[in-house]
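Please read them with the sequence and the coordinates open beside you.

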Protein chains: 2
Amino acid sequence: MQDEIVKSLKESGLKITTVRTRILEILNISIKPLTVHKILSEIDVNKTTIYREIDILLKAGYLNKVDFGDGNKRYELSSLDHHHHLVCIKCHAVEDVVLKETLFNEENLISLTNKFKVSYHNLEFFGYCHNCQ
Amino acid sequence: MQDEIVKSLKESGLKITTVRTRILEILNISIKPLTVHKILSEIDVNKTTIYREIDILLKAGYLNKVDFGDGNKRYELSSLDHHHHLVCIKCHAVEDVVLKETLFNEENLISLTNKFKVSYHNLEFFGYCHNCQ
DNA sequence: ATAATTGCAAACACTTTGCACATGT
DNA sequence: ACATGTGCAAAGTGTTTGCAATTAT
């Protein structure tokens, strides 16, 4: 694991355990956000531990929760550049996409016209990937 | 219930039942998308019936599923104009918002550069409402 | 040494299934 | 009459809790 992350974890009062390291590794390798179920299948560990660990990593800011609206929560590293996902309705392939226009202007408009201070947003696109069209 | 909807329901082979009518009424009155739990608290009906009914109405296209990422699925009438939500992280108030720039252009770009045909998207904003800032 | 981490069993919450009965058309 | 809708009990999933044992620092 990268020295930076190790240092950051220690500063958060988090120990460098096998499970913690493996979760971060698995998410680092994965090209798409993973469910608890998937992570569990990759590590020989009790499910309670995974749920607790993900909670810790989420709260400490290492992970982002991603929701594809299918009833399964997914997680990805928060260190990735800001991006959204293209989720294929048919084969469930997931691609990343970076918007040409950010939503930053929209968020500013919302702040002015709705008197609502936007902290973050969730945006995912659903449709058919190249192979499934 | 509006004649239009009654006609539409009948054409879909769906009967005009008390439960069905009440669900549509409740969602019509509500200013925000509702959870199954909330709908159940408003109607004296078995939970199984609600789950089944929402599934039917979703598939028939009368409802949209909305996800605020808190683990609870919410539903709203699909007859509403296309809009997104501003969800307050603190008091959980929900406002509707219509973007000045649609995501239509982005979806076209995605179609060209990613060869991915977008069918729909999910977009919700999270932050602090007027009162909670 | 001691605070953080883990496993296990049990509890919880949400959702679905099978089947018999009831209702709308 | 008959297809659609409903209630009930039970089963399925995903997630959390309490507590005792273990591990990293």
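1. A word on angles comes first: those under 35 degrees count as roughly parallel, those over 145 as roughly antiparallel, those from 65 to 115 as roughly perpendicular, and the rest as oblique. The axes are lines fitted to C-alpha atoms, for helices over the stretch in contact, and the angles run from 0 to 180 degrees between N-to-C directions.

2. On the basis of the notes: this is a predicted model, in which local features need pLDDT of at least 70 and side-chain atom pairs count only at pLDDT 80 or more, while totals for chains, interfaces and linings use all residues. Residues are numbered from 1 along each chain as its sequence is written, chains are lettered from A and ligands numbered from 1 in the order in which they are written, and side-chain values use heavy atoms, with hydrogens and water left out.

3. Chain A has 5 helices and 6 strands, where helices (H or I, at least four residues) and strands (E, at least two) are DSSP runs numbered from the N terminus. The order of these elements from the N terminus is α-α-β-α-α-β-β-β-β-α-β. The C-alpha trace of chain A spans about 45 × 40 × 25 Å along its principal axes, and 41% of its 133 residues count as buried, a term that stands for under 20% relative accessible area, with exposed meaning over 50% and partly exposed in between (1.4 Å probe, protein chains only).

4. Helix 2 (residues 18-29) and helix 4 (residues 47-59) of chain A pack at an angle of about 70°, their axes being 11 Å apart, and the two helices are therefore roughly perpendicular to each other. At this meeting A:Val19, A:Arg20, A:Ile23 and A:Leu24 of helix 2 face A:Thr49, A:Ile50, A:Glu53, A:Ile56 and A:Leu57 of helix 4, where contact means heavy atoms within 4.5 Å.

5. A:Thr21 also belongs to helix 2 of chain A, and it counts as buried because its relative accessibility is 15%. Not counting residues up to four places away in sequence, A:Thr21 touches A:Met1 and A:Ile16.

6. A:Tyr75, in strand 3 (residues 73-77) of chain A, counts as buried because its relative accessibility is 7%. Leaving aside neighbours within four places in sequence, its contacts include A:Leu27, A:Pro33, A:Ile54, A:Leu58 and A:Lys65. The C-alpha atom of A:Tyr75 is separated by 10 Å from that of A:Ser30, although these residues are 45 positions apart along the chain.

7. Which residues of helix 5 (residues 104-114) of chain A are buried? They are A:Glu106, A:Glu107, A:Ile110 and A:Asn114, and they cover an arc of only 100° around the axis, which puts them on the same side of the helix; the arc is that of the directions from the helix axis to the C-beta atoms. A:Phe104, A:Asn105 and A:Leu112, on the other side of helix 5, are exposed. The buried residues pack against strand 6 (117-128) of chain A together with strand 4 (84-88), strand 5 (94-97) and strand 6 (117-128) of chain B.

8. One backbone detail deserves a look in both chains. A:Lys115, in the loop between helix 5 and strand 6 of chain A, has a positive phi of about 50° although it is not a glycine, and at 47% relative accessibility A:Lys115 counts as partly exposed. B:Lys115, in the loop between helix 5 (104-113) and strand 6 of chain B, has a positive phi of about 55° and is not a glycine either; at 49% relative accessibility B:Lys115 counts as partly exposed.
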